[in-house]
Amino acid sequence: MATAPDDTAAAPAPAKQKHLYLVDGSGFIFRAYHRLPPLNNPAGTPVNAVYGFTAMLWKLIEDLHGAEEPTHLAVIFDAAKDNFRNELYADYKANRPPPPEDLLPQFPLIRDAVRAFSVPCIEMSGFEADDIIACYVAQATAAGYNVTIVSSDKDLMQLVTPHVDMLDTMKNERYGVEAVTAKWGVPPEKLGEVLALMGDSVDNVPGVPGVGPKTAAELVQQFGDVEGVLANLDQIKKPKLRENLEAHAEMARLSRVLVELKCDLDPPHTLGELVMRDPPHDPLRAFLAEQGFKSMLAKLGRESQAAEVAAQPDEPEKPFVHAEYETVITLDRLDWWLAEARARGVVAIDTETTAKDPVRCDLVGVSLALDAGLACYIPVAHVQGEGLLAEKVDQLAWQDVKEKLGPLLVDPAVLKVGQNLKYDLVVLKRHGLDLAGFDDTMLLSYALSAGKHNHGMDELSEKYLGHTPIPFKEVCGTGKSQCTFDQVPLKRATDYAAEDADVTLRLHRLFRPRLSAEQVTRTYETVDKPLLPVLADMELEGIKVDREALARLSATFGTEIAALETEVHDLAGGPFTIGSPKQLGEVLFERMQLSGGKKSGKSGQYATDVNELEKLAGQGHVIAQKVLDWRQLTKLKSTYTDALQAAINPKTGRVHTCFSMAVAQTGRLSSTDPNLQNIPIRTEIGRQIRHAFVAKPGHVILAADYNQIELRLAAHMADVPELKRAYANNEDIHALTAREVFGTEMDPQESRRRAKTVNFAILYGISAFGLANRLGLDRGEAQRIIDAYFARFPGIRNFMAETINGCRETGFVTTLFGRRTNLPLIHSKNPAERQFAERAAVNAPVQGTSADIIKRAMIRMPLALAEAGLTGVRMLLQVHDELVFEVPERDVEAATPVIRSVMESAHRPAVELSVPLGVEIGTGPSWGAAH
DNA sequence: TGCGTCACG
DNA sequence: GACGTACGTGACGCAG
């Protein structure tokens, strides 16, 4: 075979795939301008858009260096002149206002910025950036390049092909052919037809009235293009639509021409001139200095230093590079990966499934990562192709993978690292596997940074690795056209799945060493990590729900809602949407002229919340009470009686919630899909829903509540002798508070009710205004109550002050077990934000300590029950201070003291409390009956 | 998607 | 005295 001279040379590197990035500069400018407040350079010129643009371009270049390795880059601008489209249609872009005055002088500076980065800056008089981009796309594609268009302009999506994608840097989303098709319902090459039919009010492309994206897509799907639609008007069923198409046929044709991108121009730079090079620092430094961009100058300084010192091996921001990820389809290769994992002792793991719900989905594949950039994907249940493109999917059988993977998963000598491992654990358990010896990067992040940011993988990757993982929706699409992961081709699935494991492993390397250095190891190791498998079991177990009972409630609520609706409409003198706060406000305060309507500042709407409506009801306005009743019933029906029926898992007949471990800032759990931590109990009518949560045959529901745990913890933490003594003697704490604060003159019941409110207010960080509101007093009276409280219990005031001071020094507060809540806003210049952080600072240690205690109880519970021989008892739910169990009838007596003892001593031995913890236990055929 | 509302601790 | 007004959650319907 004849070889080209290059191939025989000493460095036989294969020609790198060329990849051209085209930045839609105008889009960048407007987003930068609108995102930033006014800002001037030392010369007094406004530069907010310049600054934003420079920052965005810099970030883009950095990101690209890290991930995509582009070879060519250019920024394209609109030339500030009329273009050929105005000749076709004088009103084209007529709706667009002229650029704001303080943006005008920034345009040339922005072009300077581009040049300072040594990036070509391209524009052509008479043409829009879109056309120039289209031309380069055509040229580059013909030359075998890949192309990425950096823009969020939907018109440019027309250009997407298998070799051309779009990148929206604001949303951090990439759009390939599938994503565009998913978004618009038609492939990119048909997008022009859709855009023409729907028109664009911003660009003033007329389109056809009454045709939006959905209708346009349907028409194009059916008839192929605009001409096809116009030629087949007789087939269009909807009369109004046909009429509009008929009447606006010419506008549709014109629109088609307007949205067409011109790709036969001869742009000023050749492709070769767009080649990307490392920007020399000097021109960039000069530009930044001239504009007074100090933080960027500092960053540039750091970078040149780093470059001189030669890259440190452990440089945290090293780019996210990786070899091609391997798709494992032979047992030999699987053996290699598993042996290597054993040898290294650490492996990141991630499971891919057919759905988000770990209790309903099926396992599709598993990915592993051994080292940064070294990861693989093991497909086990991808579906075979269909039709002409049928391609047999070559993959291992799950049984074989399971036999080899299983022992590794339970071998504590090999650390398994995952992100949100509870999900994987639930899936694996359903497929017959267990897990021991693991770290969860989501929980590590939560231990280190609760309060600073969220802990999802994409966000962590972005923040700590400077890398945006392939978005899930780019692999599977969204909405109606979303496919399941088992339908994704193996190459694509591998890129996505292996990357997740790779990211997880890299995050673990960053987080794990920080844990002990930052002294947050304890709750991670002794609370959250061991709780994870306990929660997995609870989620798998689920709770039985009486579907018929819910259906009956739904029906009853339905008729009552209908009746109330009629009454409300009659009282209002005509129909309106009761559920629309806007319409309701207008009906009450304008049409009906009720007094007291006040508009909220932000939305300019009348307030119609419970407080307002109760005021009106108190004044004798019947409609207000009817609306309140209507609201209560619709809430109960839609959120509970309807939704819970839909949440019943058809396979298990039970409802399986998901407990989130890294959402609440304080250490609490949260519950979703469905939320079983907010099932009604406070009103009798809502309480009926609790009665639909039932035990399976031969069992009862047992509910165990900590009695006033937060107030007890406050008494301990703030060291209030009177309160501690009262709890030790099992006294009524609210009655005590009432005596101390209000004396004995008031009616004891009313006095106790108020004292209870005051006690809650204390836990939440009191203000005279808030307390006055709750108690219906004026501020002066509320302030006197607070003063009296602090006078009687000075420990509370000291505790609050010390907690806030400590938080100011460190930026965080801690629970008795060392859990940390970060409150960066404690230093905010905005007093409202700062005070908010101060109240949270007072509350978080108390709420968080309570969360730690019940979590510790949950961790011990399974073993304690097993040791007592109570193997049939199941812990089902946690509701912050309550645990819900399903207990065989004959075990109730034996289980009760075990559960009580575990819960009441859960703080020990780590922490000793100066107040006892009290637990109240009830049982019954349903959750409602157990209280 | 953001907002208003309301369910829970 | 400015700020906005009790802490922590999740789900639903409306409207743009």
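## Surroundings of DNA strand C

In the predicted model, DNA strand C is surrounded by 35 residues, of which S580, S670, A761, R774 and R839 are the closest. Among the atoms of DNA strand C that come within 4 Å of the protein, sugar and phosphate account for 59%.

Helix 35 gives the most, with eight residues. Individual polar contacts can also be listed: a polar side-chain atom of Q583 lies 3.0 Å from a phosphate oxygen of DNA strand C, while the side chain of N675 places an N or O atom 2.9 Å from a sugar or linking oxygen. For S638, a polar side-chain atom is found 3.4 Å from a sugar or linking oxygen of DNA strand C.

## Surroundings of DNA strand B

Around DNA strand B there are 21 residues, and T608, K635, I681, R682 and D881 come nearest. Of the atoms of DNA strand B within 4 Å of the protein, 73% belong to sugar or phosphate, and the rest belong to bases. The surface near DNA strand B comprises eight nonpolar, seven charged and six polar residues, and helix 26 provides the largest share of that surface, with three residues.

Which part of V610 lies 3.2 Å from a phosphate oxygen of DNA strand B? The atom concerned in V610 is a backbone N or O atom, whereas R631 uses a polar side-chain atom, which lies 2.9 Å from a phosphate oxygen of DNA strand B.

Six strands, in the order 3-2-1-4-5-6, form an open sheet whose pairing is mixed. Its edges are strand 3 (121-122) and strand 6 (173-175), each of which pairs on one side only. Helix 2 (residues 25-35) packs on this sheet, where it touches strand 1 (19-24), strand 2, strand 4 (146-150) and strand 5 (164-168), and its direction makes about 45 degrees with that of strand 1. Strand 2 (residues 72-76) and strand 3 run parallel and are joined by two bridges, with V75 standing opposite C121 in strand 3.

Another open sheet consists of three strands in the order 14-13-17, with antiparallel pairing. The edge positions are taken by strand 14 (654-655) and strand 17 (693-694), each pairing on one side only. Strand 13 (residues 543-545) is joined to strand 17 by two bridges, in the antiparallel sense, and the bridge partner of V545 in strand 17 is F693.

Strand 21 (residues 874-878) and strand 22 (residues 882-888) pair in the antiparallel sense over four bridges, and Q878 stands opposite L883 in strand 22. The two strands form a hairpin with three residues between them, and H880 in the turn has a positive phi of about 70 degrees. Strand 21 is mostly covered, with four of its five residues buried.

## Helix 8 and its packing

Helix 8 (residues 188-198) is mostly covered, as nine of its 11 residues are buried. The buried residues are P188, L191, G192, E193, V194, L195, A196, L197 and M198. They pack against helix 7 (177-184), helix 9 (213-223), helix 10 (226-231), helix 11 (239-247) and helix 12 (249-259). Just after helix 8, G199 takes a positive phi of about 75 degrees.

## A loop residue, Q519

Q519 is found in the loop between helix 21 (490-517) and helix 22 (521-541). Is Q519 buried or exposed? Its relative accessible area is 65%, which is over 50%, and therefore Q519 counts as exposed. Q519 and L448 are 71 residues apart in sequence, and the distance between them in space, C-alpha to C-alpha, is 8.8 Å.

Definitions and conventions: Residues numbered from 1 in each chain as written. Chains lettered and ligands numbered in written order. Predicted model: local features only at pLDDT ≥ 70, side-chain atom pairs only at ≥ 80, totals over all residues. Heavy atoms only, no water. Near = heavy atom within 4 Å. Polar contact = N/O pair within 3.5 Å; in protein donor to acceptor, adjacent residues only side chain to side chain. Pairing = 2+ DSSP bridges. Contact = heavy atoms within 4.5 Å. Axes fitted to C-alpha atoms, helices over the stretch in contact; angles between N-to-C directions. Nonpolar A, V, L, I, M, F, W, Y, C, P; charged D, E, K, R; others polar. Buried < 20%, exposed > 50% of the residue type's maximum accessible area, 1.4 Å probe, protein only.
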